Amino acid sequence: MGCRKNTYKLVDKRDIKKILFAWLVSMLWLSVLTPMVLADETSISVTFDPDGVIDIDVTPKTYDFGSIQPGAWSNTTANYFTIYNNGTLSMDTQFKTNATTDSTNLTLDADGSPGLDSYSFQTNGLDTDGYITAAYAVEQDTGITAGTNKVCGLCLNMGSSISQNWTSQRTTIYLQGSVS
Amino acid sequence: MKKIPWLIILLVFLIPLLTSQVQASLQIWPGKLTISMPEGYPTERIRYLIQATNPYTYSVNASARVENPDVQQLTTNYSYIPDISWVTVEPKTLYLPANSSSHFEVFLDIPKSEQPNYYNTSWETWVIISSDTPAGDTGGLVFQVELAVKLFIHTPQGEQGPTAGIFFVFIGVIITSGVIYILLKHRRKNIPEK
């Protein structure tokens, strides 16, 4: 009595085709759906237009107006300061200054009509000369080409009167450069 | 006497070196950058780097702050960012050794609760960078140079919900499950019972 051995194909050719088909369908869906499921990281785009380095400087960085009488002007020469654009992009410049001197004894008058214990600064030689305010406003110079420079001067107008003979005062003028 | 020509030549080379150093300032890259969100608001805050280079032969501290430009300097078709605190810079002060470069990190973080209120808008704000370059102790007037990096932000065009994605996932799962089910059922039929 020999044992009859059951023989059957575990997987025939049609099954292989169907497995392949199921696998292909799965892969197709996986490729379509994976980006949607993993869409947690939304992409952003960052562009630089124009692309380049910005670098603005001014020399000299100090000036001494000396002793000034009330109601008088004291001016630098017209080309005393040089603004350099050492970057690779065309730049605009703006000026602002502190609202008072460092000692707070004297106050800035941004309208150009300084009264008691006040003073005004005016630019000279820029595209848009005017009185320097305590906040950046209009561009004083536009489109300084990369690698070039611009000269200018500054005028100080002392107030019409002073309450006492003040000792030496010091203040800061800020020169801001931004891409044109 | 023979030393004089050499001295002149040496001076000719030294003078440009010295003067160019006086004219140098902090170098910043980029000067202007535009951030767009074409696929919707990102889930995490946006981060970007601003490179600062110190060309001096001495170390400087560079400081950065975020500031809106004056209305006269605002670019056409751009408005101020609704809340300037959404843009931050880290660190506030960056130590730069002589002839070295480092980075400020600029972060843009629009609160989720505010995002639906601001689709298809364009904002402009500036990152102002300055250094503590010594100006000298003499003179009643001192100049301080500041560099402004213009930052433009374009918000997404509209809401892009996940509804479509979920729908396609659902359909995909049903189709794949159906194919596998049919295959398994057919396979069982081919196996003879003992």
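How far apart do the C-alpha centres of domain 1 of chain A and domain 2 of chain A lie? Work through this and two further exercises. This is a predicted model: local features need pLDDT of at least 70, side-chain atom pairs count only at pLDDT 80 or more, and totals for chains, interfaces and linings use all residues. Residues are numbered from 1 along each chain as its sequence is written, while chains are lettered from A and ligands numbered from 1 in the order in which they are written.

**Exercise 1. Locate the domains of chain A and give their separation.**

Step 1. Take the bounds, which come from an automatic or database domain assignment. Domain 1 covers 11–38 and domain 2 covers 56–179.
Step 2. Read off the distance: the two C-alpha centres are 73 Å apart.

**Exercise 2. Trace the pairings of strand β9 of chain B.**

Step 1. Strands are DSSP runs (E, at least two residues), numbered from the N terminus. Two strands pair if DSSP finds at least two bridges between them.
Step 2. Start with β4(B), residues 60–67, which runs antiparallel to β9(B) with 6 bridges. Here B:Ala64 faces B:Ile129.
Step 3. Turn to β5(B), residues 79–80. It pairs with β9(B) in the parallel sense over 2 bridges. B:Ser79 has B:Trp123 as its bridge partner.

**Exercise 3. Classify B:Phe143 as buried or exposed.**

Step 1. Apply the cut-offs, counting other C-beta atoms within 10 Å of the residue's own, placed from the backbone: buried at 20 or more, exposed at 12 or fewer, partly exposed in between.
Step 2. B:Phe143 is buried because it has 23 such atoms within 10 Å. It sits in β10(B), residues 141–154.

Methods. Helices (H or I, at least four residues) and strands (E, at least two) are DSSP runs, numbered from the N terminus.
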